[in-house]
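Here's a quick briefing on a sheet, a strand inside it, and a few side chains worth a look.

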Amino acid sequence: MIKKLAKSIREFKTVSILTPVFMVGEVVMEVIIPLLMAMLVDNGINGNNGEGDMPYILMIGGVLVVCCLLSLFAGFAGAKTGAKAAMGFARNLRKDMFYKIQEYSFSNIDKFSTASLVTRLTTDVTRVQDAYQMILRIAVRAPIMLIFSLIMAFAINATLSSVFLIAIPILAIGLLLIMKTAHPVFERVFKRYDKLNNVVQENVSGMRVVKAFVREEHEISKFMKISGDIYNDFSFAEKVLAFNSPLMQLCAYGGLLAISWIGANLIVIDGTLTTGELMSMTTYAMQILMNLMMLSMIFVMVTMSRASAERICEVLDEQSDINSPAGVPADKVADGSVEFKNVKFEYKKGSGNYALTDINIRINSGETIGVIGGTGSSKSTLVQLIPRLYDVSEGSVLVGGRDVRDYDIETLRDAVAMVLQKNTLFSGTIKDNLMWGKQDATDEEMIEACRLAQADGFIQEFPEKYDTYIEQDGSNVSGGQKQRLCIARALLKKPKILILDDSTSAVDTATDALIRKAFREKIPDTTKIIIAQRITSVMDADKILVLDGGRVVDFGTHDELMKKSDIYREVYESQQKGGEDV
């Protein structure tokens with residue numbers, strides 16, 4: 001896990017190395033200062049038979065000032081480089097995670113919820129960032145200071161220093177028990193954070209539905225339950241971690257009392273310890289015990305961040321199950337022909353629960369194919385196999401006479417434009433959204449695509465026209481307008497295959513007919529696959545595919561299906577009858 005995370009340090013290796021170096025410099029100065037103070041008291045103030053030695057005092061005092069300034073500089077420089085290293089590490093880590101997520105296939109994304117990925121990219125990375133900064137500074141400073149101070153203390157008086165040999169094991173055992181108890185709780189808390197983010201995301205994005213159904217109280221109760229669970233878990237974890245402070249205080253003040261009592265006896269009774277040495281011992285004792293406290297803080301931080309680090313590594317370790325084959329040239333797709341050969345597909349491998357079974361169809365380049373079927377008949381699943389958003393479980397899908405698994409993925413998907421069932425617009429202008437289809441599109445190309453999609457009319461009515469700002473997910477345009485903008489965006493790609501997954505459901509029948517008419521006249525060489533619930537949207541297609549239960553039950557023209565397909569005829573008659581009733 002550490003090796004995996006360390007790869008994100010990259011260009012911040014230098015500052016990551018300099019930080020411990022500065023910390024070591026600060027420690028050396030702080031260890032020398034008590035020794036100089038003892039020399040100042042014993043040889044300067046108490047020197048010359050108790051009358052004091054001013055030249056000596058000035059000399060040692062000057063050295064003390066220099067050491068203090070060097071310690072100040074090293075501490076400041078270490079804080080600056082440590083902050084830069086930690087922030088840079090977090091930036092790279094977020095970038096690595098985000099890039100990794102971009103490589104995921106749909107099945108990889110299905111494994112992680114959206115809310116979970118957001119939590120890992122934000123909260124979890126922040127915790128690891130804080131831990132990294134503390135490790136670079138405190139985790140280097142504290143143990144070195146502890147070791148140096150112990151050496152100096154034992155050099156002054158081994159008997160007095162034996163106090164630390166009792167305090168350190170007591171603190172170490174206590175910290176291990178605290179870590180063992182708290183870590184599982186933090187693992188559970190971060191999973192609850194995923195649920196909390198999911199509730200908030202659903203509530204905010206679905207606010208109109210919540211208010212329309214007057215379900216505010218229900219949503220509040222969901223939020224309060226998960227928030228309460230997080231509160232209870234964190235409360236328990238903090239109660240466990242709270243034992244760290246009294247344990248530390250017990251060891252610190254107990255050690256100081258023992259040193260003071262034993263040291264006083266050594267001065268008064270034995271005369272083996274000078275006043276300056278006792279003062280230095282007290283300072284070293286404070287350094288040792290304070291750095292033990294810092295180490296305990298590191299243990300707490302590591303305990304909290306370990307769960308986050310594991311969740312981050314899960315994202316980084318996840319391997320996409322859809323990749324471009326090695327050594328395959330980025331050859332263009334020959335044409336828009338599509339063929340399914342003995343295709344079977346299951347979302348969860350090995351489950352035996354097939355969404356598609358025995359699919360055998362051929363679509364010629366330039367044809368318009370309609371796809372209909374009841375809810376859950378796997379219409380969307382079928383077309384998602386064409387741009388290889390999922391891989392078939394058995395059989396093969398051919399585009400341009402070549403298995404989709406033999407294409408470079410970018411080349412394949414660049415030849416296929418897909419307007420998904422759930423239309424998505426991004427915050428930005430209409431022009432910004434259209435340029436997703438073609439980054440270097442000219443204004444004329446955008447206008448032409450929008451005319452084909454019957455979108456130019458309503459765009460021209462906006463005061464700022466193509467510079468009109470679109471809110472997140474297109475919340476400031478209607479459903480039909482959003483669909484037409486998404487169709488225009490897909491047309492800008494000038495694809496060999498255009499897939500519309502129920503993408504005109506919010507458009508009136510007259511506009512729908514105009515869109516299909518534009519397709520026939522303006523892009524005759526593009527293969528068009530249209531999934532629709534309305535028969536009128538597909539009845540003039542070259543062929544119509546009827547799906548039921550993940551199987552192809554009929555495939556033919558409107559007239560052929562009216563004669564041989566009971567399902568198609570039933571849907572047609574029910575819709576026609578409904579239209580007559582209206």
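The notes below go topic by topic.

This is a predicted model, where local features need pLDDT of at least 70 and side-chain atom pairs count only at pLDDT 80 or more, while totals for chains, interfaces and linings use all residues. Residues are numbered from 1 along each chain as its sequence is written, and side-chain values use heavy atoms, with hydrogens and water left out. Helices (H or I, at least four residues) and strands (E, at least two) are DSSP runs, numbered from the N terminus.

**The sheet**
- Six strands make an open sheet with mixed pairing, in the order β6-β9-β10-β3-β11-β12; two strands count as paired if DSSP finds at least two bridges between them.
- At the edges sit β6 (416-419) and β12 (551-556), each pairing on one side only.
- From one strand to the next, the twist averages 15°; axes are lines fitted to C-alpha atoms, for helices over the stretch in contact, and angles run from 0 to 180 degrees between N-to-C directions.
- β9 (residues 497-501) and β10 (residues 527-531) run parallel and are joined by five bridges, and L500 stands opposite I530 in β10.
- Helix α17 (residues 479-491) lies across β6 and β9, at about 175° to β6; contact here means heavy atoms within 4.5 Å.

**Strand β3**
- Six of the six residues of β3 (residues 368-373) are buried, so the strand is largely enclosed by the rest of the structure. Buried means under 20% relative accessible area, exposed over 50%, and partly exposed in between (1.4 Å probe, protein chains only).
- T368, G370 and I372 point one way, I369, V371 and G373 the other, and all are buried.
- With β10, β3 pairs in the parallel sense over four bridges, and G370 stands opposite I530.
- With β11 (residues 543-548), β3 also runs parallel, joined by five bridges; there G373 has L547 as its bridge partner.

**A glutamate in a helix**
- E26 lies in helix α2 (residues 13-45) and is buried, at a relative accessible area of 12%.
- Leaving out residues up to four places away in sequence, E26 touches S71, A74, G75 and R141.

**Cysteines**
- Searching the whole structure turns up zero disulfides, a disulfide being a pair of cysteine sulfur atoms within 2.5 Å.
- For C68, the closest cysteine sulfur is in C67, 7.0 Å away, so it is too far for a bond.
- C68 is partly exposed, with a relative accessible area of 40%, whereas C313 is buried at 5%.
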